[in-house]
Amino acid sequence: MIALAMFGFINCANAAVYVEDFEASFPTWESGWLGTNSNLTNYYGVGQGRGNNPDGLWIADGLNNGSNAVITFDAGFGSSISSFSIDITTWINSAVLSVFDMNLNTLFSGVITSYAGAMSNPGSYQNFLVNSANGISGFSIVGNGIEGNTSIDNVVVTTGAVTNVPEPGSLALVGIALVGFGALRRRKAKAA
């Protein structure tokens, strides 16, 4: 029993962390992990510069409706996301960020403070962090005139699950304890 109480576990992460900070010359981000695993586009167009934003990306979703931005991750990539972090700034009052899991359930929904902070480097952004047990299908930013008036920066996702794996040292202790219990049992059997 004591040996089982000493049985320890360590976290073995099969995780990868992906970061897009939009610091490289545009349009480099378009061929990176975020550009190839989502429908996120540059408000100024494919292959274009960052406009008057020295630090982030004026977002669009490719639908060119100018209103809301609904960004979806590719299903395979989205299902592997366990943590999602994003910095957002906007000119729009009462803009709302929502983040969805793979079943399209809302994991988070909240108002984005209007900072209008994308005109400097570094910009003034609000950070949002969301964790999910079954992946993240995407996010939306809803408000009147979101595209072209909302900037994102420092998008960070962690993919892969963290699993508990027995620690090798604990396994050795369990083995030694079992051998000891076996020897003790034989000794008692001989004495009886």
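Leaving aside residues up to four places away in sequence, Ile152 touches Phe22, Leu40, Gly56, Leu57, Ile59, Ile86, Asp87, Ile88 and Tyr125, contact here meaning heavy atoms within 4.5 Å. The model is predicted, so to speak of local features takes pLDDT of at least 70 and side-chain atom pairs count only at pLDDT 80 or more, while totals for chains, interfaces and linings use all residues. Numbering starts from 1 along each chain as its sequence is written, and side-chain values use heavy atoms, with hydrogens and water left out.

Ile152 also turns up in the largest nonpolar core, among the residues with the most contacts inside it, alongside Phe84, Ile86, Leu97, Phe139 and Ile141. This core has 30 residues; a nonpolar core is a set of buried Ala, Val, Leu, Ile, Met, Phe, Trp, Tyr and Cys residues joined through side-chain atoms within 4.5 Å, and buried means under 20% relative accessible area with a 1.4 Å probe, protein chains only. Its largest share, four residues, comes from β6. Of the protein's 192 residues, 39% count as buried.

Now to the strands (DSSP runs of E, at least two residues, numbered from the N terminus). Four of them make an open, antiparallel sheet in the order β5-β10-β7-β8, where pairing takes at least two DSSP bridges between two strands. β5 (69–72) and β8 (106–111) are the edges, each with a single partner strand, so one side of each has no neighbour in the sheet. Five bridges join β7 (residues 96–101) to β8, and Ser98 sits opposite Ser109 in β8.

Definitions and conventions: Buried means under 20% relative accessible area, exposed over 50%, partly exposed in between (1.4 Å probe, protein chains only).
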